[in-house]
Amino acid sequence: MALNARLDHRNPLVFDTHELGRRPGALQRLTREIGAPKDLGLAGVIGVPEGAPVELELRLESVMEGVLVTGTARATAKGECVRCLEPLEQQLEADFQEMFSYPDADDRGRVKAEPADDAEEDEDRLFIEDGLFDLEPVLRDAVVLALPMQPVCQEDCEGLCSECGVRLSDEPGHHHDAVDIRWAALQGLAGSLEDGEKDEISGAEAGADEKQEK
C-alpha cells in the first residue's frame, strides 16, 4: 500500500520502532491490551465488539529492509449461530506475520538513491513512517481469517424446525405428522362435501319443522 497519512502515536495500534533501532537482528517483545476497533470481524456474521479487550503479543525483529512483526491476538468474538440463530461467543486466537518496510530502502535493504515513483511496486507493501507502523490492517486480516464463515453454537446444532421454527435442540424428538400432498386436495374436497351434506340435512329439517307448524 502507499504511504499513509501521518500516523498518530496515540493510536493504540500504532507502534514505535525507535527503541528497536535499525541494526539487523535486534529484537523487541511487546504485550499490549487494546480496545477493539470498529467492525473487527465478518460484518453481520461474527466479530469482536467495538471496544472489547484484545490482547496482543508481538515480536519485532529488525532486518535490512524494515521490521518483521510476528504476533498473536486474543479476544472474544460474538455472533449468531447460522443454524438456530441463537447468540454465541467464541474465543479467538489469530496469528500473523508482516513486514513493515523502510520507505528509503529497496527490497535488499539498500538505501534508495531516489524515491521510487512506481505505485504498483508499493501497492501491497506496508511502511514504517517516522519510526512508526500501524498494525490495524494486519490485525483485521488476521481476525477475518481466524473466524468461521458460518459460526454455530455447537457442532451438532440441529437448527430450527422448518415448519414451526422451534429450536430442535430444545425439543428432542420434535416432529410434525407428514401429510401426503397428493391426498391434501382430496381431503379438502371431502371436507367440502361433508359441509354440503350437513347444509342439506339442516335445510330438510328446517322444512319439516315448517310443515309441522302449519
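**Cysteines, strand pairing and salt bridges**

The count of disulfides (pairs of cysteine sulfur atoms within 2.5 Å) comes to 0. The structure is a predicted model, in which local features need pLDDT of at least 70 and side-chain atom pairs count only at pLDDT 80 or more, while totals for chains, interfaces and linings use all residues. Residues are numbered from 1 along each chain as its sequence is written, and side-chain values use heavy atoms, with hydrogens and water left out.

A disulfide is a covalent bond between the sulfur atoms of two cysteines. The sulfur of cysteine 81 has its closest cysteine sulfur in cysteine 84, at 3.7 Å, too far for a bond. For cysteine 153, the closest cysteine sulfur is in cysteine 157, at 3.7 Å, and is again too far for a bond. Accessibility was classed by relative accessible area: buried is under 20%, exposed is over 50%, and partly exposed lies in between (1.4 Å probe, protein chains only). Cysteine 81 is buried, at 0%. Cysteine 153 is partly exposed, at 28%.

Strands are DSSP runs (E, at least two residues), numbered from the N terminus. Two strands pair if DSSP finds at least two bridges between them. Strand β6 (residues 66-80) pairs with strand β4 (residues 46-48) in the antiparallel sense over 2 bridges. Here, glycine 47 has lysine 78 of β6 as its bridge partner. Strand β5 (residues 53-63) also runs antiparallel to β6, joined by 9 bridges. A hairpin of 2 residues connects β5 to β6. Arginine 59 stands opposite threonine 70 in β6. Threonine 70 also has a bridge partner in β7, glutamine 97. Strand β7 (residues 87-101) and β6 form an antiparallel pair over 15 bridges. Their hairpin has 6 residues between the strands, and leucine 85 takes a positive phi near 70 degrees.

Side chains of opposite charge can pair when their charged atoms come close. The whole structure holds 6 salt bridges, each a side-chain nitrogen of Lys or Arg within 4 Å of a carboxyl oxygen of Asp or Glu. One of them joins arginine 74 and glutamate 93 (3.2 Å, N to O). Arginine 74 lies in β6 and glutamate 93 in β7, so this pair ties together parts 19 residues apart in sequence. Glu57, Arg74 and Glu93 are linked in a network of salt bridges.

Glutamate 89 forms a salt bridge with lysine 78, with the closest N and O atoms 3.7 Å apart. Glutamate 89 is in β7 and lysine 78 in β6, 11 residues apart. Glutamate 89 is exposed, at 54%, whereas lysine 78 is partly exposed, at 45%. A further salt bridge joins arginine 10 and aspartate 8 (3.1 Å, N to O). Arginine 10 is exposed, at 67%, and aspartate 8 is partly exposed, at 33%.

Conventions. Helices (H or I, at least four residues) and strands (E, at least two) are DSSP runs, numbered from the N terminus.
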